[in-house]
Amino acid sequence: DHTEYPVLIHCKRGADRTGMSSAIVQLLYTDATLSQARRQLWPIYGHFEFGRTAAMDAFFDRYEAWLNEKGTDHTPARFREWATSVYTPGPA
C-alpha cells in the first residue's frame with residue numbers, strides 16, 4: 001500500500017513468484033474475481049502446480065476454502081482480512 005511505483009518483482013523464470021504477486025495485486029486493487037486472479041498462475045505463463053511451487057496454489061486454495069466456509073464471495077477487503085488475520089503460513 002505504501003510503496004513507490006513502478007514496482008519490479010523479480011523471479012528466476014518470471015512464472016511463480018511473479019505470478020503469485022500479480023494475482024495478489026489483482027485481488028487487492030482490482031475487481032477481479034479469485035478465479036480471474038488465479039489465472040496469473042496458469043501454465044501458459046510457465047507456472048506448474050507441483051513440487052515447491054504447489055504451495056502458491058495451496059495459498060489461494062486456503063483463501064477459497066475460507067470464503068466458502070463464510071458463505072461469501074471475494075472482495076479486496078475480505079482478502080486483506082484473510083491474509084493479515086486468518087492465514088497461517090507453512091504447514092499449519
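**Close-up 1. Packing of helix H1 against helix H4 in the predicted model.** In this predicted model, in which local features need pLDDT of at least 70, side-chain atom pairs count only at pLDDT 80 or more, and totals for chains, interfaces and linings use all residues, H1 and H4 pack at an angle of about 125°, with 7 Å between their axes. H1 is therefore oblique to H4, where angles under 35 degrees count as roughly parallel, over 145 as roughly antiparallel, 65 to 115 as roughly perpendicular and the rest as oblique. From H1, the residues Ile24, Leu27, Leu28 and Tyr29 make the contact, and from H4 the residues Pro76, Phe79 and Arg80; contact means heavy atoms within 4.5 Å. Divided by class, this contact of H1 with H4 has six nonpolar, no polar and one charged residues; Ala, Val, Leu, Ile, Met, Phe, Trp, Tyr, Cys and Pro count as nonpolar, Asp, Glu, Lys and Arg as charged, and the others, Gly among them, as polar. Axes are lines fitted to C-alpha atoms, for helices over the stretch in contact, and angles run from 0 to 180 degrees between N-to-C directions. Helices (H or I, at least four residues) and strands (E, at least two) are DSSP runs, numbered from the N terminus. Residues are numbered from 1 along each chain as its sequence is written, and side-chain values use heavy atoms, with hydrogens and water left out.

**Close-up 2. Packing of helix H1 against helix H3.** The axes of H1 and H3 lie 10 Å apart, and the packing angle is about 20°, so the two helices H1 and H3 are roughly parallel to each other. Their crossing is left-handed, a term used if the near helix is turned anticlockwise from the far one by less than a right angle, with right-handed used if clockwise. On the H1 side, Arg17, Met20, Ala23, Ile24 and Leu27 meet Met56, Phe59 and Phe60 of H3. The contact of H1 with H3 has seven nonpolar, no polar and one charged residues by class.

**Close-up 3. Packing of helix H3 against helix H4.** H3 and H4 pack with their axes 11 Å apart and at an angle of about 110°, and are therefore roughly perpendicular to each other. H3 passes H4 in a right-handed crossing. Phe59, Arg62, Tyr63, Trp66 and Leu67 of H3 make the contact with Arg78, Phe79, Glu81, Trp82 and Val86 of H4. By class, the residues of the contact of H3 with H4 divide into seven nonpolar, no polar and three charged.

**Close-up 4. The largest nonpolar core and the surroundings of Phe79.** The largest nonpolar core has 15 residues, of which Leu27, Leu34, Phe59, Phe60, Tyr63, Phe79 and Trp82 touch the most other members; such a core is a set of buried Ala, Val, Leu, Ile, Met, Phe, Trp, Tyr and Cys residues joined through side-chain atoms within 4.5 Å. Two or more residues of this core are given by each of helix H1 (17-29), helix H2 (34-38), helix H3 (54-70) and helix H4 (76-86), and H3 provides the largest share, six residues. Not counting residues up to four places away in sequence, Phe79 touches Ile24, Leu27, Leu28, Phe59, Tyr63 and His74.

Close-up 5. Arg38, which is placed in helix H2, counts as buried at 19% relative accessibility, where buried means under 20% relative accessible area, exposed over 50% and partly exposed in between (1.4 Å probe, protein chains only). With residues up to four places away in sequence not counted, Arg38 touches Asp57, Phe60, Asp61 and Glu64. Asp61 has its place in helix H3 and is partly exposed, with a relative accessible area of 35%. Between Asp61 and Leu34 the C-alpha to C-alpha distance is 9.9 Å, while 27 residues separate them in sequence.

**Close-up 6. Gln40 and Asp73 in two loops.** Gln40 is placed in the loop between H2 and H3, and leaving aside its neighbours within four places in sequence, Gln40 is in contact with Ala15, Gly19, Ser22, Ala23, Gln26 and Tyr45. Asp73, in the loop between H3 and H4, counts as exposed at 62% relative accessibility. Leaving aside its neighbours within four places in sequence, Asp73 is in contact with Leu67 and Arg78.
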